[in-house]
Structure formats: structure tokens, C-alpha cells
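I opened the model and kept notes as I went. I wanted to know how the two chains meet.

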Amino acid sequence: MARKLTINKFGKVINPIRHAIAFEGRWGRPPTTKTFIAEQIRKVDLRPVKAVNVRFDPFHPNAQAVREFMFITSFPKIRKTNLKCTFKCDVVNDRSEPSIFIDFENKQKCIFKAGSLNILDILQNYNKVVEPILQKYQEDQPKPFEVKVERKRRR
Amino acid sequence: MALKALSRLLPIRTPGASSYFRWIHTSSAVGVKEVKVTEEGDMTIIEGSIQDSKRKPFLLKMDDPYHACPMCALEGRGIKVRHTDVLILQQFLNIKHEMLPREITGLCKRQHRRVLSLVLMAQNAGLLPVNKMKVKWEKWNRYYDEETDIRDYKLKDLHHLKHMLPGES
């Protein structure tokens with residue numbers, strides 16, 4: 001423990017070394033599932049996405065996770081990232097597995113079969129798939145056109 | 001805004017424990033999941049599947065026409081539960097190490113009384129944890145001999161399970 005002692009102008013030590021441990025443990029609350037979902041929602045970006053189609057049966061025992069995904073993507077903060085993206089929802093009566101179909105502008109596709117998936121599992125895997133596509137999308141997109149304004153010369 | 005909306009989403013539910021009739025599971029009650037990610041060219045499919053436990057081959061088949069309770073079905077097959085069989089007795093207990101009600105466990109009235117006494121014996125022997133404060137003299141464990149136990153009764157007395165007894169004419 002190499003710690004410098006700082007001395008006051010009166011010759012008094014301001015930060016003395018205390019041998020007893022003042023505090024041990026965690027500041028604040030431990031993270032819950034609520035915080036893990038909130039981290040993932042901040043990352044959600046719809047820029048490279050072309051269309052989102054959702055299909056579920058409301059009588060399926062785990063139809064909740066897909067409905068929550070629709071609820072999250074309908075936040076205005078997330079919708080504003082891509083206004084051209086289309087959303088479509090099909091409600092069926094087949095007792096079929098709830099599923100999400102995502103089409104990217106890169107002609108890639110992504111399918112979630114959410115028969116036994118959580119909302120956290122969907123969002124984590126969605127962000128994993130989108131990250132490399134989004135980096136490529138940002139590079140290909142042309143930079144905003146810079147206009148040079150010529151100032152009028154004053155006489 | 002997003003955080004306020006999150007309160008509606010919780011608690012997260014998985015298809016699992018509450019839908020079963022009995023509390024003996026093929027997979028664990030929490031639902032051990034495996035998320036599978038497969039890539040086929042431009043397509044990526046993400047799928048989840050609930051895994052079975054490693055102890056599935058050791059599970060007894062409980063397809064009885066008479067719908068006997070789980071402890072009676074064990075005795076019908078000649079399996080005797082003692083107070084040292086902690087892993088069986090553990091399943092009938094609460095988080096506070098108390099006995100669960102009979103409606104959840106599905107035990108009959110007779111076996112419920114027997115399991116409760118076996119749990120007390122295991123707790124006195126120090127095999128199961130206790131939530132209560134102990135008296136000073138109770139720190140020493142007590143051990144029971146199975147043959148001298150009063151609660152142990154013979155299998156022949158179970159008239160309602162005669163059809164399930166092995167090797168009896």
C-alpha cells in the first residue's frame with residue numbers, strides 16, 4: 001500500500017490510514033431482471049430493419065413474450081429510429097408456436113421461434129444479430145452533404 | 001418512459017412448474033433452457049427448448065389407474081422410505097423448512113402424517129435444516145433405529161394397495 005499522505009499547512013494529516021475496514025459490500029441494490037431488460041431496450045435499433053412480422057396464437061401458454069416484444073418496439077423513441085420500417089401482426093387460431101420474422105435491408109432474415117423464450121432472451125439475441133449489420137450499414141451510408149457557405153464580403 | 005412501461009412486463013413467466021398436477025418433475029421446476037442459434041446462409045433461426053434433467057431415467061412411472069398418492073405408490077412397489085432418505089423428504093418442504101399443505105403435495109391423509117413425523121426425525125438427527133431457534137440441550141443430534149420405530153408399519157396392512165404389491169398371491 002503505497003499511499004501518499006497529504007499534510008495540511010498546520011501540520012495535520014488530512015487522509016490518515018485507518019486500519020479498520022470502514023465499509024464492505026455493495027453500494028446500492030443488486031441488479032435484477034428489470035435492469036437487464038432495460039439495458040437491452042436502450043440498445044434496440046431499427047435502422048437496418050425493413051419489416052417486422054409477428055404471428056401468435058393468444059391461447060398459447062407462452063404468447064406473452066411475443067406480445068411484449070411488440071409492446072417494446074412500439075415505443076416512440078424506438079419507432080423514431082426508422083420510420084420506413086413496417087410492422088404487421090397476424091393473430092391465428094392454430095395453437096401454433098408464436099414467432100417473429102425480421103427482414104433486413106441487407107436481404108438477411110431472422111426468425112424467432114418463441115415457444116419457450118423469454119423477452120430477455122429475444123432482446124439479447126436480437127441485439128447480437130443486429131450489431132454487425134448495423135456497423136456495416138453505418139459505413140455504407142453516405143455522409144451528410146456539407147455545404148460551404150461563402151460569406152459576403154463587406155465593402 | 002421505458003422504465004415505467006417495464007413494470008407491466010414483470011414478472012417474467014416461463015411455462016413450467018405451476019401447470020403440473022404433481023410436484024415431481026421430469027425437468028427442474030425452474031425450467032432449464034437451451035437457446036439454439038443456427039445460421040443457414042442469410043437466414044438465422046433462434047429457438048429455445050426446455051431440457052430434461054439427468055435423473056429422468058430414474059423417475060418412477062406413476063401411471064396408476066387408482067391414482068394413488070406418491071408415497072403410497074412407492075410403498076406399493078416395495079420401496080420403504082426412511083428418515084435418512086432426505087432427497088425424497090426435501091420435496092415436501094417449504095423454503096422455511098415447513099411441511100407443504102396436502103392439496104399441493106397430493107398425499108393422502110395417512111401418508112401426510114407419516115411424512116411429517118419422518119421430517120421431524122430427520123431434523124432432530126441433523127440431516128435437514130430447521131428454521132426454529134434451538135434449545136441449549138438440542139444441539140446434540142438424536143439418532144433413531146428404524147426397527148424400533150413405532151411409526152413403521154407393515155405393508156400387509158395396506159388393504160387398498162393390495163393389487164400393487166409385488167409377488168403376493
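**Entry 1: the sheet.** I traced the strands and found six of them in one open sheet, ordered β2(A)-β1(A)-β3(A)-β4(A)-β2(B)-β1(B), with mixed pairing. I noted the edges next: β2 (86–91) of chain A and β1 (33–40) of chain B each have a single partner strand, so one side of each has no neighbour in the sheet. I computed the twist, which averages 15 degrees from one strand to the next. I also looked at what packs on the sheet: α2(A) does, touching β1 (49–56), β2 and β3 of chain A. The direction of α2(A) makes about 145 degrees with that of β1(A). This is a predicted model, and I read every entry here with that in mind.

**Entry 2: pairing inside chain A.** I stepped through the strand pairs. β1(A) and β3(A) are antiparallel, with six bridges. For A:Val52, I found the bridge partner A:Ile102 in β3(A). Then I moved to β3 (residues 99–104) of chain A and β4(A), which also pair in the antiparallel sense, over five bridges. Two partners in β4(A) went into my notes: A:Lys113 for A:Ser99, and A:Lys109 for A:Asp103. I checked the hairpin between these two strands. Four residues separate β3(A) from β4(A), and A:Lys107 takes a positive phi near 65 degrees there.

**Entry 3: pairing across the chains.** Which way do β4(A) and β2 of chain B run, parallel or antiparallel? I found them parallel, joined by five bridges, with the strand of chain B covering residues 43–50. I picked out one pair: A:Lys109 stands opposite B:Met43 in β2(B). A:Lys109 is also the bridge partner of A:Asp103.

**Entry 4: the contact between chains.** I counted residues on both sides: 25 from chain A and 21 from chain B. On the chain A side, the elements giving two or more residues are α1 (33–43), α2 (64–73), β4 (109–113) and α4 (119–140). I sorted that side by class and got eleven nonpolar, eight polar and six charged residues.

**Entry 5: helix α4(A).** I tested the length of this helix. I then looked for bends. There is a kink of about 35 degrees at A:Glu131, shortly before the proline A:Pro132. I listed buried residues in α4(A): A:Ile119, A:Ile122, A:Leu123, A:Tyr126 and A:Val130.

**Entry 6: chain B.** I counted five helices and two strands in chain B. From the N terminus the elements run α-β-β-α-α-α-α. How many of its 169 residues count as buried? I got 11%. I then took the contacts in chain B with a separation of 6 or more; residues 24 or more positions apart account for 55% of them.

**Entry 7: B:Met121.** I placed this residue in helix α5 (residues 109–124) of chain B. Is B:Met121 buried or exposed? It has 21 C-beta neighbours inside 10 Å, and the cut-off for buried is 20 or more, so B:Met121 counts as buried. I set aside neighbours within four places in sequence and found contacts with B:His83 and B:Tyr144. I also took a C-alpha distance: B:Met121 and B:Thr84 are 37 residues apart along the chain but separated by 8.8 Å.

Notes. Residues are numbered from 1 along each chain as its sequence is written. Chains are lettered from A and ligands numbered from 1 in the order in which they are written. This is a predicted model: local features need pLDDT of at least 70, side-chain atom pairs count only at pLDDT 80 or more; totals for chains, interfaces and linings use all residues. Two residues are in contact if their C-beta atoms, placed from the backbone, lie within 7 Å. Ala, Val, Leu, Ile, Met, Phe, Trp, Tyr, Cys and Pro count as nonpolar, Asp, Glu, Lys and Arg as charged, and the others, Gly among them, as polar. Two strands pair if DSSP finds at least two bridges between them. The bend at a residue is the angle between axes fitted to the seven residues ending there and the seven starting there. A residue is buried if 20 or more other C-beta atoms lie within 10 Å of its own, exposed if 12 or fewer, and partly exposed in between; C-beta atoms are placed from the backbone. Axes are lines fitted to C-alpha atoms, for helices over the stretch in contact, and angles run from 0 to 180 degrees between N-to-C directions.
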